Amino acid sequence: MEHNRAILVVDDDPTIIKACERVLKSEGYSIDSATNGQAAINILQDKDYDLVITDLKMPEVSGIDLIKWVRSSKPQTGIVIITGYPSQETIKDALDLGIIDYLPKPFSPALLTEVVDKAITYISSTTLPDKPSEEQEITAKTKDLERIISENRSKPGSLIPVLQQAQELIGYLPPSVQRHIASGLNMPVSEVHSVVSFYSFFTMKPKGKHNVRVCLGTACYVKRAEEILQKLRETLNIDVGEVTKDKKFSLESVRCLGACGLAPVVVVDTETYGSIDPVKTSEILKAYE
Ligand code: FES
């Protein structure tokens, strides 16, 4: 796959850099690396990148300082953070600065690819309009969306309830809806997008009648969840984030469904299936035909 997309990976742990290089190069991305924030700034002064993936805890220039620098000097560059300590405070600081997504350490190759692909899609979607059919569908519901925004505008913490109601109304939260909500609530689009990416119950893509979610969190990954995902791709003939032609199924991968004791886990709509394997997965789908 040829992406022609340039990514800078910044981490003081060389094993993380090596892992990112190996996985992302095989996906067709062009990768450079830096082992601290200052070195990253030096590289960024000479070259533009589509995405910077950075650790938060680094000596001297920290990840947060690097993010602030990128935000002011290279605002078109997307940012994904790597965090070993999912401290809500640090993630919140980064979210406030408009990061696109985060990678919890340790992460699987599948999760790395998924997060990077999503971030690159997001970067492209902020410069491209939605598809015409999507636009028509959303325009038809603009009045209802306006009502949701104005009913919540003056309430504290209105963003999440607005996003939930907008998703109920439209079924998903494409970039145009995120832009609409951002301007209605008078906040940056990056902040709205950060929240949409952060919570797994929000989706940016339309869903099928039945939504199939495969957990690629660590506990499921070590029990070969990736083979299950591959089997589902083949059976449904779609990739992650897509809907089957008959609109019956959509396929998603998620990080942790909170049922690690049952790993590997697949959830269809609200039904959880644990300790499954590729063969059982195909059997499960038949119940939804
Ligand atoms: S890692 Fe899969 S449910 Fe937690």
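**View 1. Thr244, a buried residue in a loop.** Thr244 has a relative accessibility of 9%, so this residue counts as buried (buried means under 20% relative accessible area, exposed over 50%, partly exposed in between, with a 1.4 Å probe and protein chains only). Look for Thr244 in the loop between H12 and S7; helices (H or I, at least four residues) and strands (E, at least two) are DSSP runs, numbered from the N terminus. Please keep in mind that this is a predicted model, where local features need pLDDT of at least 70, side-chain atom pairs count only at pLDDT 80 or more, and totals for chains, interfaces and linings use all residues. Residues are numbered from 1 along each chain as its sequence is written, and side-chain values use heavy atoms, with hydrogens and water left out.

**View 2. The surroundings of Thr244.** The side chains of Thr244 and Asp246 are joined by a polar contact of 2.7 Å (a pair of N or O atoms within 3.5 Å; within protein, one must be able to donate a hydrogen and the other to accept it, and residues adjacent in sequence count only if both atoms are side-chain atoms). Apart from its neighbours within four places in sequence, Thr244 is in contact with Leu236, Ile238 and Phe249, where contact means heavy atoms within 4.5 Å.

**View 3. An open sheet with mixed pairing.** Here 4 strands line up in the order S7-S6-S8-S9; two strands pair if DSSP finds at least two bridges between them. Strand S7 (249–254) and strand S9 (271–273) stand at the edges with a single partner strand each, so one side of each has no neighbour in the sheet. On average, neighbouring strands of this sheet are turned by 20 degrees against each other, direction ignored (axes are lines fitted to C-alpha atoms, for helices over the stretch in contact, and angles run from 0 to 180 degrees between N-to-C directions).

**View 4. Strands S6 and S8, with helix H12.** Strand S6 (residues 210–215) and strand S8 (residues 266–268) run antiparallel and are joined by 3 bridges. Follow Arg213 across to S8 and you meet its bridge partner, Val267. Helix H12 (residues 225–236) lies across S6, S7 and S8, and runs at about 155 degrees to S6.

**View 5. Stepping back to the chain.** In the chain there are 13 helices and 9 strands. Its C-alpha atoms fill a box of roughly 55 × 45 × 35 Å, taken along the principal axes. Of the 289 residues in the chain, 48% are buried.
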